[in-house]
Amino acid sequence: MTTEQCDLLVIGAGPTGLFAAYYAGFRGHRVAVVDSLPELGGQITAMYPEKQILDVAGFPSIKGRDLVEGLVTQAATAEPTYLLGRTAETLVHDEDGVTVSLDDGTDVRAGAVLITAGIGKFSPRPLPAGEGWLGRGLEFFVPSFAPYAGKDVFIIGGGDSAFDWALHLEPVAKSVTLVHRRDAFRAHERTVEQVKASSTRIITKAEVAALHGEGHLESIDITVDGETTSYPCQAVVAALGFIADLGPIQQWGLEVQKRHIVVSPSMQTNLSRVFAAGDINEYPGKVRLIAVGFGEAATAVNNATVAIDPGAKVFPGHSSEAG
Ligand SMILES: Cc1cc2nc3c(=O)[nH]c(=O)nc-3n(C[C@H](O)[C@H](O)[C@H](O)COP(=O)(O)OP(=O)(O)OC[C@H]3O[C@@H](n4cnc5c(N)ncnc54)[C@H](O)[C@@H]3O)c2cc1C
C-alpha cells in the first residue's frame, strides 16, 4: 500500500479541480489531484473538447481543449501530484486531517479535502447493438477528428453532442449520417439548422439493428418502420448521453440532496475539513457553469486554508501583489 501526503487533496480534475489546484499552490499548499478518468479536464475533455465555449470570463470564445490546456498550465505552478485513472473510494476524517483511499490501494492523507467531482464518475450510455464493437469502429467520444477522415460515419443520438460532432465531422469524413429514434431533437436549434444545411444525412424514427465487419466495422443495419437497410460504415459514434454515478461519495457521511453535496457559503460540507465546489455542490440559487465553479474553487481553497492552518487568513490578498 502507498501513502501520499499533502495539505489539500482535490477529488476531480475537471475545470473546478484544476483551478483549485492552482489556487492551492497560490496559498502555499502541497496539493494532490485524483481523477477516475485517465485525462485531465473532466466533462470538457470527455464530452466536448472541440466545442467553443462562450461564457468563460475573459475569453469571448475558447475551444474546450484550449481552456483545459490553459488550466493545466496554470495549475502546473502549484506542482500538483496527479493521481489519474483512480477513483476515491472512502473518506475518513479525524481531528488532524482526512484520509482518502483510492481504488488502487493508495491512501492519501491530507489536511483538508476539496470534492470537485462534478456529476460523479460517468460512463457513456451503451448502444445495445454495439456490444463488442468498442475500439473496432464504435466510439462514445470524439476527442479528435483526424481518425474519421475519409470514413462513412454514423452518429447515433439527437442531443447536442450528436449534432456538434456531425457538424465537425462533416468536412472531414467521407459521409456523415445522423440516426435518431425520434423525429424531434434535443440539440440547440441553431446547430440542428446548420447540420440540416450541410451534406449530413439524417435518418429519424430509426434504430441501429446490427453492426457487421471482419475484425473492424464495415457496415451498419438501420431499421425504420420495421424495414432494415444496410449501409457501408467504418465508424459509429454513439452519443446517447451518459450515466453519472456519485458512487462511493454517497457513503462518506456527507449531506446529499438530489445527488449533490450541500455546502455553506464557504463551500464547507457537513464534515469538518471537507469542502465541495463546482457542479457537485448545492446551495440556494446554485448555477452549474464553469465560471461559477472557478469562483467556488477560490472560496473553497481559501476557507480550507484556515482548516489546514487555523492561524491563516481566509482572504489571501491579491495575486497581482504577490510577485
Ligand atoms: C456538452 C456540454 C457542453 C457544456 N457547455 C458549457 C458551456 O458552454 N459553458 C459552461 O459554463 N458550462 C458548460 N457545460 C457544463 C460544464 O462542463 C460543467 O459545469 C463543468 O465541467 C463542471 O466542472 P467540474 O470541475 O465541477 O466537474 P467535471 O467537469 O464533471 O469534473 C469532475 C471530475 O471528477 C471526477 N470524479 C468524479 N467522481 C470521482 C471519484 N470518486 N474519484 C475520482 N474522480 C472522480 C470525474 O471523472 C471528472 O473528471 C457543458 C457540459 C456539457 C456536457
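Tutor: Start with Ser 219, which sits in strand E15, a run covering residues 219-224. This is a predicted model, and every value below is computed from it.

Is Ser 219 buried or exposed? Its relative accessible area is 15%. Buried means under 20%, so Ser 219 counts as buried.

Now its partners. Strand E14 is the run 206-212.

Lys 205 lies in the loop between strand E13 (201-203) and strand E14 (206-212). Its phi is positive, about 50°, although Lys 205 is not a glycine. Glu 79 also has a positive phi, near 45°, and is likewise a residue other than glycine. Glu 79 is in the loop between helix H3 (64-76) and strand E5 (81-84). At 67% relative accessibility, Glu 79 counts as exposed.

Next, the domains. The assignment gives domain 1 as 3-122 + 242-321, and domain 2 as 126-238. The contact between them takes seven residues from domain 1 and eleven residues from domain 2. Over C-alpha atoms, the centres of domain 1 and domain 2 are 35 Å apart.

Take Phe 26, found in helix H1 (residues 15-26). Its relative accessibility is 24%, so Phe 26 counts as partly exposed. Beyond its neighbours within four places in sequence, Phe 26 is in contact with Pro 316, Gly 317, His 318, Ser 319 and Ala 322. Phe 26 and Ala 322 are 296 residues apart along the chain, yet their C-alpha atoms are separated by 8.9 Å.

Then take Leu 289. This residue is in the loop between strand E22 (281-282) and helix H6 (290-308). Leu 289 is partly exposed, at 38% relative accessibility. With neighbours within four places in sequence left out, its contacts are Asp 55 and Asp 279. Leu 289 and Val 33 are 256 residues apart in sequence, and 21 Å apart in space from C-alpha to C-alpha.

Finally, the whole chain. The protein has six helices and 22 strands. Its radius of gyration is 22 Å, close to the 20 Å that the globule rule gives for 323 residues, so the protein is as compact as a globular protein of that length. The C-alpha trace spans about 70 × 40 × 35 Å along its principal axes.

Ser 219 is buried, and buried residues make up 49% of the 323 residues. Among contacts with a separation of 6 or more, 58% come from residues 24 or more positions apart.

Terms used
Residues are numbered from 1 along each chain as its sequence is written. This is a predicted model: local features need pLDDT of at least 70, side-chain atom pairs count only at pLDDT 80 or more; totals for chains, interfaces and linings use all residues. Side-chain values use heavy atoms; hydrogens and water are left out. Helices (H or I, at least four residues) and strands (E, at least two) are DSSP runs, numbered from the N terminus. The radius of gyration is taken over C-alpha atoms; the globule rule is 2.2 Å times the number of residues to the power 0.38. Buried means under 20% relative accessible area, exposed over 50%, partly exposed in between (1.4 Å probe, protein chains only). Contact means heavy atoms within 4.5 Å. Domain bounds come from an automatic or database domain assignment.
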